[in-house]
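Here is a short report on one protein chain. Keep the sequence and the 3D view open as you read.

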Amino acid sequence: DAIFDRIRNLNTRIDARLWMDPNGTSALLWKLAGGDDPRRNLIQTSPIPVMKACKVEQELNGLRQAHIKDGIALVEFLSWLDSQFQRNQDFGISEYE
């Protein structure tokens, strides 16, 4: 709620402009900030998502290691679950629960 009040207050100031990315701004924030009015807003795609998407080798290696660990954990869990079903283990819940 504080963000909405802050944008409403900025919208009353003559010298305030907001950078509004039309692809990433909610309809409510867009409306509160004055939308398509170029005097109120800089309407342009933000470069930040593009910069965040660019990964260095260290980040890529971390992502790869995380995927490997997640894959191992999933396979171990599915193996355990399969063994429980093979023993006709009662889990106390049905398939749809």
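## A salt bridge in view

Glu57 has a relative accessibility of 47%, so it counts as partly exposed. The cut-offs matter here: buried means under 20%, exposed means over 50%, and partly exposed lies in between. Bear in mind that this model is predicted.

Which residue pairs with Glu57 in a salt bridge? The partner is Arg64. Their closest N and O atoms are 3.4 Å apart. Arg64 has a relative accessible area of 42%, so Arg64 is partly exposed too. How many salt bridges does the count give? The count comes to one.

## The chain as a whole

Starting at the N terminus, the order of elements is α-β-α-β-α-α.

Next comes the overall form. For 97 residues, a compact globule would have a radius of gyration near 13 Å. This chain has 25 Å instead. Along the principal axes, the C-alpha atoms fill a box of roughly 70 × 40 × 20 Å.

## Surface and contacts

How much of the chain is buried? Buried residues are 13% of the 97. The accessible surface of the chain is about 8300 Å². Carbon and sulfur atoms account for 58% of that surface.

Contacts can also be sorted by separation in sequence. Take those between residues at least 6 apart. Of these, 36% join residues at least 24 apart.

Look at helix H4, which covers residues 57-86. Phe77 is found there. Is Phe77 buried or partly exposed? Its relative accessible area is 42%, so Phe77 is partly exposed.

## A buried serine in a loop

Where does Ser46 lie? Find the loop between strand S2 (41-43) and helix H3 (48-53). Ser46 sits in that loop. Its relative accessibility is 16%, which is why Ser46 counts as buried.

What does Ser46 touch, leaving aside residues up to four places away in sequence? The answer is Trp19 and Asp21. The side chain of Ser46 also reaches the backbone nitrogen of Ile48, at 3.2 Å.

Definitions and conventions:
Residues are numbered from 1 along each chain as its sequence is written. This is a predicted model: local features need pLDDT of at least 70, side-chain atom pairs count only at pLDDT 80 or more; totals for chains, interfaces and linings use all residues. Side-chain values use heavy atoms; hydrogens and water are left out. Helices (H or I, at least four residues) and strands (E, at least two) are DSSP runs, numbered from the N terminus. Buried means under 20% relative accessible area, exposed over 50%, partly exposed in between (1.4 Å probe, protein chains only). The radius of gyration is taken over C-alpha atoms; the globule rule is 2.2 Å times the number of residues to the power 0.38. Contact means heavy atoms within 4.5 Å. Accessible areas come from the Shrake-Rupley method with a 1.4 Å probe; for residues, only the protein chains shown count as cover. A polar contact is a pair of N or O atoms within 3.5 Å; within protein, one must be able to donate a hydrogen and the other to accept it, and residues adjacent in sequence count only if both atoms are side-chain atoms. A salt bridge is a side-chain nitrogen of Lys or Arg within 4 Å of a carboxyl oxygen of Asp or Glu.
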